[in-house]
Amino acid sequence: MNPSFYPRQFDCIVVGAGHAGSEAAYIAASAGLRTLLITMNLDTIGQMSCNPAIGGIAKGHMVREVDALGGLMAKAIDATGIQFKMLNTSKGPSVWAPRAQAEKKQYQLFVKHQLEKIPSLSIRQDTVEDLVVEGNQVVGVITGRGFQFETNHVILTTGTFLSGVIHIGSYQKESGRIGEPTTKGLSQTLARFQFRLGRLKTGTPARVHKNSVNIDGLEEQHGDENPKPFSFSTKLLNRRQIPCYITYTNDTTHQMIRENLDYSPMYSGQIKSVGPRYCPSIEDKVVRFAERDRHQIFIEPEGYETNEMYLNGVSTSLPEEVQWKFLRSIKGLESVELMRPGYAIEYDFVDPTELSPTLETKKIKGLFHAGQINGTTGYEEAAAQGLVAAYNVIRSVKKESPILFTRSESYIGVLVDDLVHKGVEDPYRMFTSRAEYRLLLRQDNADQRLMKYGFEMGLVPRDQYESMLDRYSRIEKIKSQMFVTAMKPSPELTTVLADKKIENYKFGHTLSAFLKRSDIKIEDITPLLPEIETLNEEERAVLEMEVKYEGYLKRELDTIEYRKKFMGFQIPNDFDYATVKGLKTEAVLKLQKHRPLNLENALHISGVDPSDVDLLLYHLVDRH
């Protein structure tokens with residue numbers, strides 16, 4: 001059916017409107033492409049299916065990268081957050097990470113409204129059941145209601161809806177999310193084109209009624225007093241922040257869970273697919289970490305105008321009555337009432353090694369995959385992939401060369417490189433440990449690293465881009481001054497030395513050397529170089545970090561160049577990897593099995609991390 005009342009031809013069609021689909025549609029349409037977004041339910045666009053939060057370790061880095069590239073997610077959480085925190089501030093700046101609780105429904109409505117405002121974006125409630133392919137080129141889609149729409153570019157962002165099945169104890173139901181239908185047509189289509197399909201599993205905890213939670217005696221977790229926004233375009237956060245609460249499981253909880261493991265679909269054999277290694281269910285935690293007498297639970301509000309609360313840390317698929325009993329054994333939850341049960345969900349995904357680094361499939365030209373269809377988990381990973389796919393659709397429509405994000409310039413580059421070269425064995429989640437250049441890939445400098453691409457694509461306004469250039473120009477100018485300005489006796493310096501109880505200080509060192517001392521902060525030397533006062537708080541933090549860690553930053557840059565020089569270094573076929581001191585056991589086994597030709601091939605083996613390749617590199621080069 002080809003309806004005359006609706007446009008048939010589009011530059012891009014995005015299938016699914018979760019976090020990957022919303023980001024892909026936003027980017028493609030904002031760049032002026034005639035874009036069609038097809039989703040099962042307009043009321044669930046941008047829905048937070050699991051935890052009501054954005055960001056976290058490494059994930060917060062990616063959100064800021066998406067923002068620097070012109071994306072939507074950071075703007076959405078700034079507009080709808082109810083608690084903002086910068087995590088890991090007691091550690092080095094490479095692992096500082098923003099995280100925010102969201103007003104769950106407001107977040108969803110904000111995303112929907114932003115999409116609705118884009119003139120070149122059409123939004124349609126329907127399903128996509130089949131692809132139209134001519135030769136090896138996609139030329140359209142067929143919807144569940146029989147309409148055919150033409151395009152040479154399709155981005156599939158199907159989430160957990162591809163042949164999804166939910167599990168709660170022995171209860172099973174075909175569903176993409178609890179209470180929502182699944183889709184089977186696309187799974188059959190992908191199988192028909194001989195894509196390698198697999199099954200993965202993820203899960204979610206129960207949601208409970210706030211009035212049934214006794215918060216007296218629970219530890220309160222508050223947001224930062226001076227919260228920092230996610231988006232580089234947000235000038236001020238003035239939203240009211242509300243607390244989360246912390247409680248713990250106990251021996252009684254664990255005993256109840258152990259006694260009912262036979263009723264868990266994961267342990268009864270009902271679920272056969274692989275779940276997320278780094279976000280285990282409470283059943284998994286109790287079994288795998290049997291020596292631990294408790295596990296932490298964050299009780300997180302889902303918004304200002306709801307009493308529903310999310311129990312972060314107790315994802316489960318045990319029967320509802322078991323969930324009810326073990327939750328009531330926990331402090332603060334003794335009278336808790338479940339509003340929604342926890343459940344597990346199994347769904348189809350496509351082996352991401354079937355993709356090129358643009359996220360275009362190798363089998364069908366113009367077909368892109370983004371989000372959980374690629375075996376990832378997490379809103380932030382999904383949004384990053386949606387953006388990468390949309391960027392490359394834009395380039396394709398304009399007949400320009402693709403854009404490939406590298407590991408040395410972004411976490412997005414790390415994510416895509418890991419997926420398309422290593423594939424996944426369980427749902428992929430981003431961590432700072434996956435990135436070999438963590439000091440270069442900080443959350444604070446995502447604009448400096450990536451905004452040029454957003455500006456070139458027309459997705460970042462000129463004034464914002466020029467403001468970023470000015471910001472780093474001012475920081476660099478003052479940093480240069482610090483490296484040439486010698487410390488001389490002065491009343492200001494005398495005051496600083498006295499405050500810090502520093503005696504017998506030898507003058508002549510530079511301001512930069514003085515700041516590198518562990519007991520000196522940027523505010524201590526501001527009186528010694530008044531130009532620092534021209535920088536705002538965030539700019540001063542960047543300046544301090546770049547001076548204090550100058551040696552480490554230079555080392556990372558040198559390592560990048562060193563790697564480039566030796567990545568093609570040939571590895572002897574009979575090389576004994578067990579002789580490399582410090583190489584982890586998993587890496588040794590994988591390298592012995594795959595016998596890579598060179599170091600670049602070694603880096604693309606699942607289970608072999610960049611740190612393993614570095615050890616191998618230095619060993620081989622020294623030996624050579």
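Trainee: Which handedness does the crossing have where α3 passes α4?
Mentor: Right-handed: that is how α3 passes α4. Keep in mind that this is a predicted model.

Trainee: Okay. At what angle do the axes of α3 and α4 cross?
Mentor: Roughly 135 degrees. The axes of α3, residues 73–80, and α4 come within 9 Å. That angle makes α3 oblique to α4.

Trainee: Which residues of α3 and α4 meet there?
Mentor: On the α3 side, Met-73, Lys-75, Ala-76, Ile-77, Ala-79 and Thr-80. They meet Gln-106, Tyr-107, Phe-110 and Val-111 in α4. By class, the contact of α3 with α4 has seven nonpolar, two polar and one charged residues.

Trainee: Switching to voids. How many cavities of 30 Å³ or more does the structure hold?
Mentor: Three. The largest cavity contains about 50 Å³ of space.

Trainee: What lines the largest cavity?
Mentor: His-19, Ser-22, Glu-23, Gly-46, Leu-72, Met-73, Tyr-107 and Val-111. Two elements give two or more residues to that lining: α1 (19–30) and α4 (104–116).

Trainee: Which element gives the most to the lining of the largest cavity?
Mentor: α1, with three residues. As for classes, the lining of the largest cavity divides into four nonpolar, three polar and one charged.

Trainee: And the second largest cavity, what volume does it have?
Mentor: About 40 Å³. Phe-84, Lys-85, Met-86, Pro-98, Arg-99, Asp-224, Lys-228 and Phe-230 line the second largest cavity.

Trainee: How do the residues lining the second largest cavity divide by class?
Mentor: Four nonpolar, no polar and four charged.

Trainee: Now pockets. What's the volume of the second largest pocket?
Mentor: About 1500 Å³. The second largest pocket is lined by 47 residues. Nearest its centre lie Lys-228, Glu-537, Glu-538, Glu-539 and Ala-541. Lys-228 is on the lining of the second largest cavity too.

Trainee: Which elements give two or more residues to the lining of that pocket?
Mentor: α12 (446–456), α13, α16 (522–525) and α17. The most comes from α17, with nine residues.

Trainee: What's the class breakdown for the lining of the second largest pocket?
Mentor: 16 nonpolar, ten polar and 21 charged residues.

Trainee: Back to helices, then. How do α13 and α17 pack?
Mentor: At an angle of about 45 degrees, with their axes 10 Å apart. α13 covers residues 462–484 and α17 covers residues 537–548. That angle makes α13 oblique to α17. The crossing in which α13 passes α17 is right-handed.

Trainee: Who meets whom between α13 and α17?
Mentor: From α13 you have Arg-471, Tyr-472, Arg-474, Ile-475, Ile-478, Lys-479, Met-482 and Phe-483. From α17 you have Glu-538, Glu-539, Val-542, Leu-543, Glu-546 and Val-547. The contact divides into eight nonpolar, no polar and six charged residues. Glu-538 and Glu-539 are also among the residues nearest the centre of the second largest pocket.

Trainee: Last one. How do α2 and α12 sit, and what's the crossing angle?
Mentor: The axes of α2, residues 59–68, and α12 come within 7 Å and cross at roughly 35 degrees. The crossing of α2 and α12 is right-handed.

Trainee: Which residues of α2 and α12 make the contact?
Mentor: Arg-64, Glu-65 and Ala-68 of α2. On α12, Ala-446, Asp-447, Arg-449, Leu-450, Met-451 and Gly-454. By class, the contact of α2 with α12 has four nonpolar, one polar and four charged residues.

Terms used. Residues numbered from 1 in each chain as written. Predicted model: local features only at pLDDT ≥ 70, side-chain atom pairs only at ≥ 80, totals over all residues. Heavy atoms only, no water. 1 Å grid on protein atoms, 1.4 Å probe; cavity = no way out; pocket = protein on both sides within 12 Å on 5 of 7 lines; lining within 4 Å. Points joined across faces, edges and corners; volume = space filled by probe spheres on them. Helix = DSSP H or I, 4+ residues; strand = E, 2+ residues; numbered from the N terminus. Nonpolar A, V, L, I, M, F, W, Y, C, P; charged D, E, K, R; others polar. Axes fitted to C-alpha atoms, helices over the stretch in contact; angles between N-to-C directions. Parallel < 35°, antiparallel > 145°, perpendicular 65-115°, else oblique. Left-handed = near helix turned anticlockwise from the far one by under 90°. Contact = heavy atoms within 4.5 Å.
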